[in-house]
Amino acid sequence: MIRITVEKKLSGAEGPFTLSIDLQMKPQSILTLYGKSGTGKTTLLRMLAGLVKPDSGRIEVNGEIWFDSSNGVCLPPQKRRVGMVFQDYALFPTMTVRQNLLFAQEKKEPRKVEEMLELTGLLALRDRYPGTLSGGQQQRVALARAILRAPDILLLDEPLSALDQKTRGQLQDEILKVHHRFGLSTLLVSHDKQEVFKLSDSVAVIKNGCITRTGTPHDVFLDRITSNKFSFVSTILSIRKVDCIYLAVIGAGNELVEVVLCERDAANLKPGDEVLVASKAFNPIVMKLKEATEPEDEIPPI
Ligand SMILES: Nc1ncnc2c1ncn2[C@@H]1O[C@H](COP(=O)(O)OP(=O)(O)OP(=O)(O)O)[C@@H](O)[C@H]1O
């Protein structure tokens, strides 16, 4: 079990606030921190890694105390078995893929590196330098490197946010695969609801430094479904008048939808406004676009 109870005063964009977290995480699960920018998610991950010291509290990981302000315990980062993957891949540019992985190991075990290269579909890229790889490939190397450290906790801070939708999907599968294969405990930060839904066993919503809600992704994100409404929150991109009706273009994930506005709404709304789009009499057309793929043992290289 991972138990985190920490407090730290932070300087936010709108003034000082206290990051005050009380969180428990089941071993071998994926817990996602979901919340707006500047609410303290990265700081919490950095506290776990030992890169930021809490003002007070306690961090216990599988029975080991990593931090306890009541008796002055604060393990240095190198004594915490943590794997970290961030948005920027942070690979060593002058080392090949294989050298990057070898470097991560305290005790050098080239055989394990070879196994990891094979498992993560990186074998063909082993002698390439990070600068010659795509974003998805680099992130796969960063993930392999983090796992080679046999971490007690894997920290993923928006690791896929710089990637396109298709590569994101592939890397999400990859994360799930290695998470289960190595029985990892994974703490993920993500802004992407679809990603959170796909990857997480549980979600903790963080607002102004405090956790306001925890639960399964279904409980946290889909409680509105009881009202039988189809709805999503998005931003108006444009409004134009065609004959006597107003048409608004609204983003929906990576898609664009065009909806008709009544004259009163058109007068009240402008591009950039955040809106809730909902349909009361919900009778959607649901068309299959692509068959779900069976999980594969080996995911082909990106
Ligand atoms: N050591 C520190 N001391 C004081 N304030 C800090 C410290 N570290 C971060 N902050 C501030 O705390 C706030 C939260 O930062 P943090 O990076 O944890 O947010 P976040 O939720 O991860 O945001 P984002 O999603 O944009 O990455 C920011 O305003 C930041 O400037």
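Which residues surround the ligand? In this predicted model, where local features need pLDDT of at least 70, side-chain atom pairs count only at pLDDT 80 or more, and totals for chains, interfaces and linings use all residues, the answer can be read residue by residue. Residues are numbered from 1 along each chain as its sequence is written.

The ligand is surrounded by Leu-10, Ser-11, Gly-12 and Ala-13, by Ser-37, Gly-38, Thr-39, Gly-40, Lys-41, Thr-42 and Thr-43, and by Val-52. A residue counts as near a molecule or strand if its C-beta atom, placed from the backbone, lies within 6 Å of it. Strand S1 (2–12) and helix H1 (41–49) each contribute at least two residues to this shell; helices (H or I, at least four residues) and strands (E, at least two) are DSSP runs, numbered from the N terminus. By class, the shell holds three nonpolar, eight polar and one charged residues. Here Ala, Val, Leu, Ile, Met, Phe, Trp, Tyr, Cys and Pro count as nonpolar, Asp, Glu, Lys and Arg as charged, and the others, Gly among them, as polar.

The axes of helix H2 (residues 97–104) and H4 come within 8 Å and cross at roughly 25°, which makes H2 roughly parallel to H4. Axes are lines fitted to C-alpha atoms, for helices over the stretch in contact, and angles run from 0 to 180 degrees between N-to-C directions; angles under 35 degrees count as roughly parallel, over 145 as roughly antiparallel, 65 to 115 as roughly perpendicular and the rest as oblique. Val-97, Asn-100, Leu-101 and Ala-104 of H2 make the contact with Val-141, Ala-144, Arg-145 and Leu-148 of H4, two residues being in contact if their C-beta atoms, placed from the backbone, lie within 7 Å. These residues divide into six nonpolar, one polar and one charged.

With helix H3 (residues 110–119), H4 packs at an angle of about 140°, the axes being 10 Å apart, and H3 is therefore oblique to H4. Lys-112, Val-113 and Met-116 in H3 meet Ala-144, Ile-147 and Leu-148 in H4. This contact has five nonpolar, no polar and one charged residues.

For H4 and helix H5 (residues 165–181), the axes come within 10 Å and cross at roughly 15°, so H4 is roughly parallel to H5. On the H4 side, Gly-135, Gly-136, Gln-139, Arg-140, Leu-143 and Ile-147 meet Thr-167, Gln-170, Leu-171, Glu-174, Ile-175 and Val-178 in H5. By class, the contact has five nonpolar, five polar and two charged residues.

At the level of the whole chain, there is a division into domain 1 (2–223) and domain 2 (226–279), with bounds that come from an automatic or database domain assignment. The centres of the two domains, taken over C-alpha atoms, are separated by 36 Å.
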